[in-house]
Amino acid sequence: MKLKFILIIVMSVTLSACAGKPKQEQINPAQTAQGQYQQAKDVLNAGLYNRAIELLKAVESRYPFGPLARQVQLDLIYAYHQAGDLPQALASIDRFIRLNPNQPDLDYVYYMRGLTNLKADENAFQEFFGIDRADRDLSSTRQAFDDFKILLNSYPDSKYAADAKQRMVMIKDKLARHELLVADYYLRRGAFLAAANRGKYVLEFYRDSPLVEQALEIMVESYDRLGLDKLKSDSLQVLQLNFPQNNRFR
């Protein structure tokens, strides 16, 4: 009797667990292509990105050449990005660009590639706690800058152009800070020529950055340590001409 009672309890718990498990959406093959796509789109709009990826891929496999194929591919790019699967997002983006070189939606695709490359260089924990990570490798950030630049040059009237332009300004500031952090590292270790060259790089490629003043300071100090009086004098003259309030070398 006791054994039967235990079995009943076990079965009851098992059934309860099954009942409490959320039922996943399944593509209904009897639906039209539009109906199946709308089902996947609803899941995507609900923020269930991993599940949306499964449903969108199912639609794509059933209708690879249908009228919805390109929209499904665009939605997959967004879903991969939101789900944090950045390599797959970039692979899907590059595939779309390769297969659809003249599509009007390419402005969105380049915008998403810029956002995805930016996200690839982020560290959520460090960003959350405000830790400056400009000293890390920023190759994906540089690529993001190029992605946004393609968007602005090729699609200047795109609805994504304004945001892309703002992000480019932010990226330039981050890249300039990166160069100066490396320059400071060289300066503290006596690699004065390398430090001066980093400062010069900021001066040449990020001349509209507010960090140009700091770059010139590094150049003046580096040339001074190297005994390159002419280069030091020229750099100091540029510093004092453009930043007359600077008193570091007075």
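The crossing of helices α4 and α5 is left-handed, a term applied when the near helix is turned anticlockwise from the far one by less than a right angle. The structure is a predicted model, in which local features need pLDDT of at least 70 and side-chain atom pairs count only at pLDDT 80 or more, whereas totals for chains, interfaces and linings use all residues. Residues are numbered from 1 along each chain as its sequence is written, and side-chain values use heavy atoms, with hydrogens and water left out.

Helix α4 spans residues 69-83 and helix α5 residues 86-99; their axes come within 8 Å and cross at roughly 155°. The two helices are therefore roughly antiparallel to each other, the class assigned to angles over 145 degrees. On the α4 side, the contact (heavy atoms within 4.5 Å) involves Arg70, Gln73, Leu74, Ile77, Tyr80 and His81, which meet Leu86, Gln88, Ala89, Ser92, Ile93, Arg95 and Phe96 in α5. By class, this contact comprises seven nonpolar, four polar and two charged residues.

The protein chain as a whole contains twelve helices and zero strands, where helices are DSSP runs (H or I) of at least four residues and strands (E) of at least two. Of its 250 residues, 39% are buried, that is, under 20% relative accessible area with a 1.4 Å probe. Among contacts between residues at least 6 apart in sequence, 56% join residues at least 24 apart. The accessible surface of the chain, computed by the Shrake-Rupley method with a 1.4 Å probe, comes to about 15200 Å², and carbon and sulfur atoms account for 55% of this area.

Key:
Axes fitted to C-alpha atoms, helices over the stretch in contact; angles between N-to-C directions. Parallel < 35°, antiparallel > 145°, perpendicular 65-115°, else oblique. Nonpolar A, V, L, I, M, F, W, Y, C, P; charged D, E, K, R; others polar. Buried < 20%, exposed > 50% of the residue type's maximum accessible area, 1.4 Å probe, protein only.
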